[in-house]
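I opened this model to take notes on its overall build and on a few local features. The entries below follow the order in which I looked things up.

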Amino acid sequence: MMTANQTTDKIASLLGDDASKLLDHTCKTVDKDSLYTPRPGLIDDIFATSNRSPQVMRSLAALYGNGRLANTGYLSILPVDQGIEHSAGSAFAPNPIYFDPENIIKLAIEAGCNAVATTFGGLALMSRKYAHKIPFLVKINHNELLSYPNKYDQIMFGSVQEAWELGAVAVGATIYFGSEESDRQIVEVSQAFEVAHELGMATVLWCYTRNDNFKQNGSDYHTSADLTGQANHLGVTIQADLIKQKLPTNNGGYTNIKFGKSHPDMYDKLTSEHPIDLCRYQVLNCYAGRVGLINSGGESKGASDVQEAVKTAVINKRAGGSGLILGRKAFQRPFKEGIELLNTVQDVYLNKDISVA
């Protein structure tokens, strides 16, 4: 087992030229003391005075209390919804053992993940064997992506009641904020989350933006800090207990697309061009961190996956985020290497030398 100093050195080595930029950064936009940052006991601190029932708090405790990051306030979740959201072939062809959903669960357990995010089909086949061994988060809606030409809409694949009966401790859903279908999705998901809370389950919202007009003059603002931040704010408004969001890559979606409402301080005081400051604006919009922000790990690019995953984890942690939900970078490689990658990411959150900026 490596010492803390050895772990820090390994992380710095993986970050390469970005090490100093990310590890030594001091945030001068939103002060960390104005945020609720991850820590042991956060469920009591944040949800004990909310409308969340004891059963919901127990489900949240199951998520936060499992795996290598247990009771730290951080989360490492392995998702397998890519088989629907992209295609099973594109997701699993690099490593066909994962066409079998049991192998995803085995990977999550062996890697010490907090939970596995699965589909209704995977949950239905595997819950009786594994629901008592690792918390299940079931994705209740999907973009099926087989219609031609492709359309981008999230539709329900099952009921919250069914997820509860199959032993899931949480439900997850996606809303494509900004899309023509977003109004319907907001209503559907908010109603589903109400049922989930009534049954004692936690709720996780994939707060994604989607609109062709969010691409302007050669720039893609789907992952701008201001638009994703507002998507997060809408997500916590419909009572998501966790927000999943892509890491911001730029800013100025409102001002460059010329729509919506913004304020100069959003860009001059509350953010900067630094990636940690951009992510912190996402955290700020999650009720100042009262609702945890988990960033997505993104697609697999091969040799650079470990470096990119560690970079995302450092940005998320130092911004005040609550962890990563990372799949393809782990399961599109041999089983042992997938475990090593997930453990390396988890080491970022276990390392006390890497603190909130």
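**Entry 1: threonine 174**

I began with threonine 174 in this predicted model, and I found that threonine 174 is buried, with a relative accessible area of 2%. I placed threonine 174 in strand β6, which covers residues 170-177. Its side chain makes a polar contact with the side chain of lysine 139, at 2.8 Å. I then listed what threonine 174 touches, leaving aside neighbours within four places in sequence, and the contacts are Lys139, Asn141, Gln154, Gln185, Val189, Leu205, Trp206 and Tyr208.

**Entry 2: the whole chain**

I counted 16 helices and twelve strands in the protein. The radius of gyration is 19 Å, close to the 21 Å that the globule rule gives for 357 residues, so the protein is as compact as a globular protein of that length. The C-alpha atoms fill a box of roughly 50 × 50 × 45 Å along the principal axes, and 55% of the 357 residues count as buried. When I took the contacts between residues at least 6 apart in sequence, I saw that 74% of them join residues at least 24 apart. I noted an accessible surface of about 15,400 Å², with 50% of it belonging to carbon and sulfur atoms. For the charges, I compared the mean positions of the 33 positive and 38 negative ones, which are 3 Å apart.

**Entry 3: helix α13**

I looked next at helix α13 (residues 275-284), where nine of the ten residues are buried, so the helix is largely enclosed by the rest of the structure. The buried residues include Pro275, Asp277, Cys279, Arg280 and Tyr281. I asked what covers these buried residues of α13. The cover includes α2 (19-23), α10 (225-237), β10 (242-245), α12 (264-268), β11 (292-296) and α14 (305-319).

**Entry 4: backbone details**

I found a cis peptide bond between tyrosine 148 and proline 149, with omega about -5°, and proline 149 sits in the loop between β4 (141-142) and β5 (155-156).

I also recorded asparagine 217, which has a positive phi of about 50° although it is not a glycine, and which is found in the loop between β8 (215-216) and β9 (219-220). Alanine 288, likewise not a glycine, has a positive phi of about 55°, and its place is in the loop between α13 and β11. Which of the two is buried and which is exposed? Asparagine 217 is exposed, with a relative accessible area of 77%, whereas alanine 288 is buried, with 17%.

Conventions
Residues are numbered from 1 along each chain as its sequence is written. This is a predicted model: local features need pLDDT of at least 70, side-chain atom pairs count only at pLDDT 80 or more; totals for chains, interfaces and linings use all residues. Side-chain values use heavy atoms; hydrogens and water are left out. Helices (H or I, at least four residues) and strands (E, at least two) are DSSP runs, numbered from the N terminus. Buried means under 20% relative accessible area, exposed over 50%, partly exposed in between (1.4 Å probe, protein chains only). A polar contact is a pair of N or O atoms within 3.5 Å; within protein, one must be able to donate a hydrogen and the other to accept it, and residues adjacent in sequence count only if both atoms are side-chain atoms. Contact means heavy atoms within 4.5 Å. The radius of gyration is taken over C-alpha atoms; the globule rule is 2.2 Å times the number of residues to the power 0.38. Accessible areas come from the Shrake-Rupley method with a 1.4 Å probe; for residues, only the protein chains shown count as cover. Lys and Arg count as positive and Asp and Glu as negative; His and the chain ends are not counted. The place of a charge is taken as NZ of Lys, CZ of Arg, CG of Asp or CD of Glu.
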